[in-house]
Amino acid sequence: MLSKNGKNKELKRMDLSIIKNIVKLIHENGSMKKTPLMERTKLDYPRLNSYLNWLELIDFVSITDQNVTLTENGLKFNSRCLK
């Protein structure tokens with residue numbers, strides 16, 4: 001992802017509360033499109049996209065045609081977070 005000055009802009013660290021919130025919202029809604037997810041999490045699009053790409057990389061979410069759904073690992077993570 002490029003910033004305004006053309007440099008690579010990556011997340012420096014993951015915020016666990018944001019991850020929990022994203023996973024919880026997707027779980028509550030079954031699946032979500034990126035724009036409503038962005039609005040509900042109050043993240044800008046590049047930052048949400050970075051989180052979603054990372055969550056897809058670790059197999060917590062599946063992204064198809066802008067639809068985001070939880071995988072089996074994402075469901076397990078969500079059930080552990082509710083405890």
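This is a predicted model: local features need pLDDT of at least 70, side-chain atom pairs count only at pLDDT 80 or more; totals for chains, interfaces and linings use all residues.
Let's start with the overall plan. The protein chain has four helices and three strands, and from the N terminus on they come in the order α-β-α-α-β-β-α. Helices (H or I, at least four residues) and strands (E, at least two) are DSSP runs, numbered from the N terminus. Of the chain's 83 residues, 31% count as buried; buried means under 20% relative accessible area, exposed means over 50%, and partly exposed is in between (1.4 Å probe, protein chains only).

Now for the sheet. The three strands form an open sheet in the order β1-β3-β2, with antiparallel pairing. At the edges are β1 (31–33) and β2 (61–64), each pairing on one side only. The twist averages 25 degrees from one strand to the next. Two strands pair if DSSP finds at least two bridges between them. Here, three bridges join β1 to β3 (residues 67–70), with Lys33 partnered by Asn67 of β3. Four bridges join β2 to β3, and in β3 the partner of Ile63 is Val68. The hairpin of β2 and β3 has two residues between the strands, and Asp65 takes a positive phi near 45 degrees there.

What lies across the strands β1, β2 and β3? That's α2, running at about 95 degrees to β1. Helix α3 packs on the sheet too, touching β2 and β3, and its direction makes about 115 degrees with that of β2. Angles run from 0 to 180 degrees between N-to-C directions, and axes are lines fitted to C-alpha atoms, for helices over the stretch in contact.

These two helices also meet each other. The axes of α2 (residues 34–41) and α3 (residues 45–57) come within 10 Å and cross at roughly 105 degrees. That makes α2 roughly perpendicular to α3 (angles under 35 degrees count as roughly parallel, over 145 as roughly antiparallel, 65 to 115 as roughly perpendicular and the rest as oblique). On the α2 side the contact is made by Lys34, Leu37, Met38 and Thr41, and on the α3 side by Tyr45, Leu48, Asn49 and Leu52. Contact means heavy atoms within 4.5 Å.

Helix α4 (residues 72–81) holds Asn78. Asn78 is buried, with a relative accessible area of 5%. Leaving aside neighbours within four places in sequence, Asn78 is in contact with Val23, Lys24 and His27.

Ile58 is partly exposed, with a relative accessible area of 31%. The C-alpha atoms of Ile58 and Asn73 are separated by 8.6 Å, and these residues are 15 apart along the chain.

Key:
Residues are numbered from 1 along each chain as its sequence is written. Side-chain values use heavy atoms; hydrogens and water are left out.
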